[in-house]
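Have a look at the model first, then read on.

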Amino acid sequence: MGFSVAVTSSQGFEREILRLRNANRDRPETSQYINWRYQHLAGAPPPQVFWLLAPQGERIGMASVVFRPYWLNGTRVQTAVVGDISLDARWRGRGLGRLLLQHMTAYLDEHFPQHPGFVIPTEAARHALAKAGWSAPGTLVPHVYLIDVTRYVRAIVRSAWLTAVIARPLRWAARAFARLRTPRAGELILSDTPGEAVHEFLRSVAPSEGAMHDLGAQTLRWRYQQHPNTPFVFATYTRGGEVRGVLVFEETSLEGICHVYDLAARAPADMRAMLALFLLRSLDTPGIASVRMLTDDRHPARSTLRVLGFSPRRAEAVYQVHSRDGSAERCTWRVTQGDKDT
Ligand SMILES: CC(C)(COP(=O)(O)OP(=O)(O)OC[C@H]1O[C@@H](n2cnc3c(N)ncnc32)[C@H](O)[C@@H]1OP(=O)(O)O)[C@@H](O)C(=O)NCCC(=O)NCCS
């Protein structure tokens with residue numbers, strides 16, 4: 001008897017998912033996180049878990065698919081988001097990861113042919129997925145805006161007094177530069193719950209071309225408001241009382257990095273004004289060392305980010321897609337940090 005793959009739903013298997021996941025990750029997660037991650041939202045097929053079984057029937061690996069809504073060329077499609085790919089360390093490097101992911105892909109093609117697949121893999125998983133027929137249309141690039149330059153100035157001049165003398169005018173200049181890009185009647189309102197005006201705005205800007213994750217009320221509630229580990233903030237950009245942009249961010253991580261997860265604006269000028277207001281607010285918030293925004297390498301906000309002083313860093317990952325009819329491969333995907341961790 002050889003290795004085999006069994007498919008179940010996630011319900012009733014949460015403890016086993018947590019065990020396999022934690023055995024194969026640097027940072028352990030809680031059962032609360034697993035319950036959130038596998039939450040089955042109305043209108044989606046139930047999550048699918050693919051178990052790799054050793055010849056004696058022991059579960060030695062897994063991969064899972066949770067269906068989440070994406071917009072594909074103007075149509076809302078439940079997309080098979082792959083995650084929790086794990087193989088116990090002693091079994092790695094023998095082609096078993098590839099076996100598991102090939103089986104998963106064939107199963108999705110057969111049972112969910114209308115649902116495209118999406119994943120942000122680790123380097124090891126990327127290879128195994130590529131062998132299973134997944135393509136990588138783009139990379140994920142971090143864009144970083146330095147709020148606190150003292151660490152860098154200090155490394156060069158070495159004197160605390162001189163560092164302060166140099167850093168202060170740099171901060172004033174950054175503020176003045178950002179202020180130049182904000183319109184008079186523009187305002188940024190922060191809240192931990194998006195109001196009806198935000199939902200209405202996001203409905204109106206759902207893209208009619210390309211692929212990106214849904215930002216509907218149900219998705220926002222699950223993705224951001226119910227997240228078990230991270231408090232998120234919604235920044236709403238209004239001009240003349242009208243909502244013209246929304247940005248979702250995690251206030252600060254331990255390292256003082258403020259991560260932007262999602263952003264949408266009515267027009268490029270609104271995107272620029274919203275981001276400029278957000279930078280002004282970050283420059284005035286103690287404890288923030290930098291603002292970081294992850295986007296795919298063709299994201300429409302990239303040029304605005306550069307104009308405002310964000311610098312692109314080396315691509316840190318890829319995203320991969322798969323569909324039986326090739327539609328996912330033909331789409332231009334718009335990816336942000338909001339696609340991760342789901
Ligand atoms: C991802 C994982 C399941 C792959 O399983 P595996 O059985 O070791 O992989 P395979 O032996 O089937 O290898 C498949 C391909 O990936 C390549 N590969 C495997 N591990 C790799 C690594 N760390 N870096 C680069 N390539 C790697 C192999 O060389 C092979 O390519 P080849 O056929 O051209 O030689 C396993 O490494 C794992 O559980 N890793 C830890 C958790 C993790 O990273 N999960 C992914 C989360 S998205």
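N73 counts as partly exposed because it has 14 C-beta neighbours inside 10 Å; the cut-offs are 20 or more other C-beta atoms within 10 Å for buried, 12 or fewer for exposed, and partly exposed in between, with C-beta atoms placed from the backbone. N73 sits in the loop between β3 (59–72) and β4 (75–87). It isn't a glycine, yet its phi is positive, at about 45°.

D84 counts as buried, because 22 C-beta neighbours fall inside 10 Å.

## Ground rules

This is a predicted model, so local features need pLDDT of at least 70 and side-chain atom pairs count only at pLDDT 80 or more, while totals for chains, interfaces and linings use all residues. Numbering runs from 1 along each chain as its sequence is written. Helices (H or I, at least four residues) and strands (E, at least two) are DSSP runs, numbered from the N terminus.

The chain splits into domain 1 (4–133) and domain 2 (141–339), with bounds from an automatic or database domain assignment. Their C-alpha centres lie 29 Å apart. The contact draws 25 residues from domain 1 and 28 residues from domain 2, where contact means C-beta atoms, placed from the backbone, within 7 Å.

Which element gives the most to the side of domain 1 that touches domain 2? That's β3, with five residues. Elements supplying at least two residues each include α2 (31–37), α3 (96–111), β5 (117–119) and α4 (123–131). By class, this side of domain 1 has 14 nonpolar, seven polar and four charged residues; Ala, Val, Leu, Ile, Met, Phe, Trp, Tyr, Cys and Pro count as nonpolar, Asp, Glu, Lys and Arg as charged, and the others, Gly among them, as polar.

## Strand β12 and its partners

Strand β12 (residues 290–296) is mostly covered, with six of its seven residues buried. Strand β6 (residues 135–146) pairs with β12 in the antiparallel sense over seven bridges, and pairing needs at least two DSSP bridges between the strands. Strand β11 (residues 257–265) pairs with β12 in the parallel sense over four bridges.

S290 turns up in both pairings: it is the bridge partner of L146 and also of I257. Finally, β11, helix α9 (residues 268–283) and β12 make a right-handed β-α-β unit: with the strands pointing away from the viewer, the path from the first strand over the helix to the second runs clockwise.

Key: Contact = placed C-beta atoms within 7 Å.
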